[in-house]
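Here is a short briefing on helix packing and on the spaces inside a protein model. Keep the structure in view as you read.

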Amino acid sequence: MPSVSHALRICPFCEATCGLTLTVEDGRVTGARGDADDVFSKGFICPKGASFAELDNDPDRLSAPLVRRDGVLTEATWDEAFAAVADGLGAVLADHGGASVGIYLGNPNAHTVAGALYPPLIIRGLGTRQLFSASTLDQMPKHVALGLMFGSPVAFTVPDLDRTDYLVIVGANPLVSNGSLATAADFGGKLRALRKRGGRLVVIDPAHTRTAALADRHIAPRPGTDAALLFAVVHVLFDEGLVDLGALAEHTAGLGEVEALARDFPPESVAEHCGVAAGEIRTLARELAAAPTAAVYGRMGTSTVEFGTLGSWLVDVVNVLTGNLDRPGGAMFPLSAVAPAPRGHRPGRGFTTGRWQSRVSGRPEALSELPAAVLAEEIETPGEGQIRAMITLAGNPVLSAPDGQRLDRALAGVGFMLSVDPYLNETTRHADVILPPPPPSRSPHFDFALNNLAVRNNARYSPPVLPLDGRPGEAEILSRIALVIFGLGHDADPALVDEQVIAMTLAKETADAGSPVAGRAVDELTAMLPDGPGYERRLDMMLRLGAYGDAFGSRPDGLTLARLKAAPHGIDLGPLQPRLPDLLRTPSGRIELAPPELVADAARLRDALGRRADGFVLIGRRHLRSNNSWMHNLPALAGGTNRCTLQMHPDDAAELGVSDTAIVKGPGGELVVPVEITADIRRGVLSLPHGWGHDRTGTGQRLAAGRPGVNVNQLNDGSVLDPLSGTAVLNGIPVSVGSVDVPAAAGRG
């Protein structure tokens, strides 16, 4: 008889962070269901979470390292692989220094303990400015807007879904994505509850998505015009005397400057540009102002567009002007269990971008990152500072960044490449060494990043369900890379990395008069940390120093890792609470409603209002059964609507003579793609999902390769970026389209 048991695990596959109950048979996960007692998700599960066992046991996951020998990636022992890293990376460091090493971080790093804790050490050890990530293909505009407004690029505002009366969702489809930059298990259930209690839901999106179908009102603007539409809302709020900051008034600067800017965006001037009637914009503004509580939430549609930072900023400008920032039912600031304990209101250093520029095209940094769109040129272009080695951590930029063909060629010519990734994919196939982390069941889980975005404060920890079985965990893998970089050798004790971080952190805390452990002995505090893996010791330290922590015994009822482990379904830390003005870190100590950088960029938006809006434009699309490029290899997720098709309005298809297949041409290339004709998309707009294009040789994902789809980012040459954040414009791209038998046409607007 098989040995059957059950174990709890937080799902690591998307931002919803749902609690799972896993079925384990004879040392193998065989099933997953929602954990009904989880304090945050309360039993909710989506198809991705239900496929946990398939992903955990995917036969195409790498179980041993690969090392390139005579040009061929072959299996190696872990000792051989780490030695190859020391030799290959060490040679580049010796000849060219750490500044010659480029690093690319994929978004799965936000879903693992090791991905949150160890990459900063690697980056710091190298001293490189060649840092790239999925952030400049995604949410970097929000970071920049938050940094300029509040002084912190991670002071995220999220809609208080459980208490709001009026919710506006801009450029997001949370019924499919499960929410993003707003961590909320069962987002759809929360939206239904909003309507059931008499609240209203408005969705602003060029497509009639599943979320739009649930809404009281769907507004379908032209793609890329969200910033102009939101500026028109701001105009109405001032023009009709609807501005009411409430308790925010004494903490806000720049109101007059925003009012002056908004005069250039009356709804009547913006309407044609956006494709939304002026009356509809005015109604939206009036309803926002009149609602007892309201929140505006924007996502990819406000971010990965030409005016991404302006749109991300204006989302919170509207929240401020209606008095809905930082109050129950509005847009609020979560407080993570590992966030530093509040230390009162004090001015900070603020936030700046452009502290350095990319070597070739002079693109400014944001949050210490350069735009992912310039990675290829930084590898290809000879000269001082050229990237000579690459480290990719859980990323596949060949599919996720613009012009993947160029990046593909560039990576093929880099001097040395190291990838930490479970798959041989379109990017890692170029690596000289691939170090695969263990499957999720053999890894711990704590949401360091995503708890900072949760719509209800909580803390949950999942220890590994199954043992490592002789292989190193992801924490050890990354620690050994750090040891190589710091010159200690890959065979040094990886615990040294964690103990050094602990010593440095506690030394800083005990020397800070505002810290809850000020003046105490570092040795005393270190001795209070539990025995066990270094990542657990660091997590315990962060929890104890955090907002709910025990302050190393000073607050006996406070949070520790031991207390968290004793609550396997998690600890509910309560609804979001007002946090202003304490979290403000601007030099003025106030909300900067009109940062000079955004004021200056508003002129660019104003000039765009007169731009001719003819032709087709392309937008992306999320699938419930997918998450970027790395979940197309699972049978359970391969069916349903998870298909790489070009969505097109029936009238456009008829006008162009398109039926089953179309050819789409963009600035970066052309694609032939199956067509899905649907009235759920605005005329003049095409939609193609991202993350596909599994048709390259030398990869190891067999199911994905059998249904490769096309890489939408190949239509994009990466030349157009949001200037303030360096984020690639991935939505609202002008394209031409036609039948494969008829030359492609620009079409109608």
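**Pocket, helix pairs and cavities**

The lining of the second largest pocket divides into 14 nonpolar, eleven polar and eight charged residues. Here Ala, Val, Leu, Ile, Met, Phe, Trp, Tyr, Cys and Pro count as nonpolar, Asp, Glu, Lys and Arg as charged, and the others, Gly among them, as polar. This is a predicted model: local features need pLDDT of at least 70, side-chain atom pairs count only at pLDDT 80 or more, and totals for chains, interfaces and linings use all residues. Residues are numbered from 1 along each chain as its sequence is written, and side-chain values use heavy atoms, with hydrogens and water left out.

**The second largest pocket**

- The second largest pocket has a volume of about 630 Å³. A pocket is an open set of points on a 1 Å grid over the protein atoms alone, with protein on both sides within 12 Å along at least five of seven lines. A volume is the space filled by probe spheres set on the points, which are joined across faces, edges and corners.
- The pocket has 33 lining residues, and the closest to its centre are Glu306, Arg611, Val617, Gly732 and Pro734. Lining residues have an atom within 4 Å of a point.
- Strand S21 (616-619) and strand S28 (733-739) are the elements that give two or more residues to this lining. Helices (H or I, at least four residues) and strands (E, at least two) are DSSP runs, numbered from the N terminus.
- S28 gives the most to the lining of the second largest pocket, with four residues.

**Helices H10 and H15**

- The axes of helix H10 (residues 226-239) and helix H15 (residues 308-321) come within 9 Å and cross at roughly 25°. Axes are lines fitted to C-alpha atoms, for helices over the stretch in contact, and angles run from 0 to 180 degrees between N-to-C directions.
- H10 and H15 are therefore roughly parallel to each other (angles under 35 degrees count as such).
- The crossing of H10 and H15 is left-handed, meaning that the near helix is turned anticlockwise from the far one by less than a right angle.
- Among the residues that make the contact are Leu230, Phe231 and Val234 of H10 and Trp313, Leu314 and Val318 of H15. Contact means heavy atoms within 4.5 Å.
- The residues of this contact of H10 with H15 comprise 14 nonpolar, one polar and no charged.

**Helices H20 and H22**

- Helix H20 (residues 495-511) packs with helix H22 (residues 534-545) at an angle of about 15°, and their axes are 9 Å apart.
- That makes H20 roughly parallel to H22.
- H20 passes H22 in a left-handed crossing.
- The contact includes Asp498, Glu499 and Glu509 of H20 and Arg537 and Arg538 of H22.
- By class, the contact of H20 with H22 has six nonpolar, two polar and five charged residues.

**Cavities**

- The structure holds four cavities of 30 Å³ or more. A cavity is a set of grid points where a 1.4 Å probe fits but cannot get out.
- The largest cavity has a volume of about 80 Å³. Of its 14 lining residues, Lys142, Thr157, Leu181, Tyr297 and Gly298 are the closest to its centre.
- The lining of the largest cavity has eight nonpolar, four polar and two charged residues.
- The second largest cavity holds about 60 Å³ of space. Its lining includes Gln139, Lys142, Arg299 and Ser312.
- Helix H14 (300-303) and H15 each supply at least two residues of the lining of the second largest cavity.

Note on methods
Parallel < 35°, antiparallel > 145°, perpendicular 65-115°, else oblique.
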